[in-house]
Amino acid sequence: MKIGVLAVQGGFAAHARMLAGLGADPILVRRPADLGDVAGLVLPGGESTAMLTGLARDGLEAPVRAWTRSRRPVFGTCAGAILLACGVAHPAQRSFTALDLDVERNAYGTQLDSFTAVVDPGGAFPGLHAIFIRAPRIVRVGDGVEVLARVAGEAVLVRSGAAWAATFHPELGDDARVHRAWLREIS
Amino acid sequence: MNAEAQKLKVHLAEMLKGGVILDVTNAEQARLAEDAGAAAVMALERVPSDIRREGGVARMAAIERIEEVRKTVSIPVMAKCRIGHFVEARVLEALAVDFVDESEVLTPADDQHHIDKHAFRVPFVCGARDLGEALRRIGEGAAMLRTKGEAGSGNIVEAVRHLRQIGRELRELAAAPADERMARAKALGAPYDLVVQVAESGRLPVPNFAAGGIATPADAALCMALGAESVFVGSGIFKSDDPAARARAIVRATTHWQDAAEVLAASRGLGAAMPGLAIETLTASERLANRGW
């Protein structure tokens, strides 16, 4: 199954490695034509401002926005989750309104405040170590959005149909459960 | 050393991949960098070519300078400290910058010792010309490497040399029989455990970016093609005719380094690049890459 990984900037290589390890065929997306026949799209971590600038420059913003709003499979992590949200604060910036969420960027502080945490018991991925790098925080979860994992009571992994978003980095480290679950969902 | 803490530092470096880190000296330049699509900025007092021209001792930037930049942008902010100046590094950590560059562009504070970077929570990037130097810096706790290149020269030849050198040494090490690793560690002047790790994985355990002498979109794409995972651009932007256009163009060429048509499009209409220096006209003491070991 071909899975597009947006490769304008950021942690696309780690996603591609993890997807390949799970038997998917990752396609790095840098031009509109690259979206051609992919079955799902990953929006990786990185700098959301840099990604938006690159998307607009390369004529990718409209097709990627349309993709994410079409209920086709999409998975945004960290900066990718920011792109999928409805409302973005700190500072405000445009987003794709693909998932009924509001997020706050760099909500935990600088790199010195980056951290790893085990998700709260009772979620879909027990014992998962979530890696937060200058992470955003989900400050509002819409009605149709299901929370799959929390840390300290706050939603960190959510889904609405085949659209998933994580404020942490499931592509880093060796635990591939989140990617595997998303792939199973969309195949 | 805490392996978990080291991983977090490397993870931020991972998120900067495929992007450009621009040197800026004030709020206006920082805004230009973020608008151009930079993945991070390096806040400093003077760009390397000015440091080279004006001479004297180059130190950590004024605190207000770094704060001014940080107030302006939402992307990560890096700052430089002098080689071996662990108190400048502590000050930058207390200021909560996102990355510290222990940089040969500033005048070294210690001619024998680099900073023990494991002692810090803030991640460090360090320059390296070859695999031995790269592994020594990683051994000290660097979370990211960059070529030294020859900063402020506008000449890409040294960055290319360093990328080629590290690539060649990685391939040689990966191909060498296991019972030669200790001798190779000795020859490289590198920690044995890191030599073993690199021999087995065939790659560096931290991202390696290019820096030093990048002046054009084609320079940036060349570095990416030679294995750099991202690029730092210092004097090349703000010493050129049209900094905003050149910054956008270098960001574009870094994303699309494999696509010559994109690099061509990025190379149009930029005006003049920064004036360059022939490396052989520099005396040994003028060569910043010779600082550190």
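Of the 187 residues in chain A, 59% are buried (under 20% relative accessible area with a 1.4 Å probe, protein chains only). The structure is a predicted model, in which local features need pLDDT of at least 70, side-chain atom pairs count only at pLDDT 80 or more, and totals for chains, interfaces and linings use all residues. Residues are numbered from 1 along each chain as its sequence is written, chains are lettered from A and ligands numbered from 1 in the order in which they are written, and side-chain values use heavy atoms, with hydrogens and water left out.

Chain A comprises 5 helices and 12 strands, assigned as DSSP runs (H or I, at least four residues, for helices; E, at least two, for strands). Its radius of gyration, taken over C-alpha atoms, is 15 Å, close to the 16 Å that the globule rule gives for 187 residues, so chain A is as compact as a globular protein of that length; the rule is 2.2 Å times the number of residues to the power 0.38. Along the principal axes, the C-alpha atoms of chain A fill a box of roughly 40 × 35 × 35 Å. Among contacts (heavy atoms within 4.5 Å) with a separation of 6 or more in chain A, 62% join residues 24 or more positions apart.

At the interface, 32 residues of chain A are in contact with 34 residues of chain B. The area buried between the two chains is about 2600 Å², with carbon and sulfur atoms giving 56%; buried area is the accessible area (1.4 Å probe) that two parts lose on being put together, summed over both. On the chain A side, A:Arg57, A:Gln111 and A:Leu112 lose the most area to chain B, together 25% of what that side buries.

Technical notes: Buried < 20%, exposed > 50% of the residue type's maximum accessible area, 1.4 Å probe, protein only.
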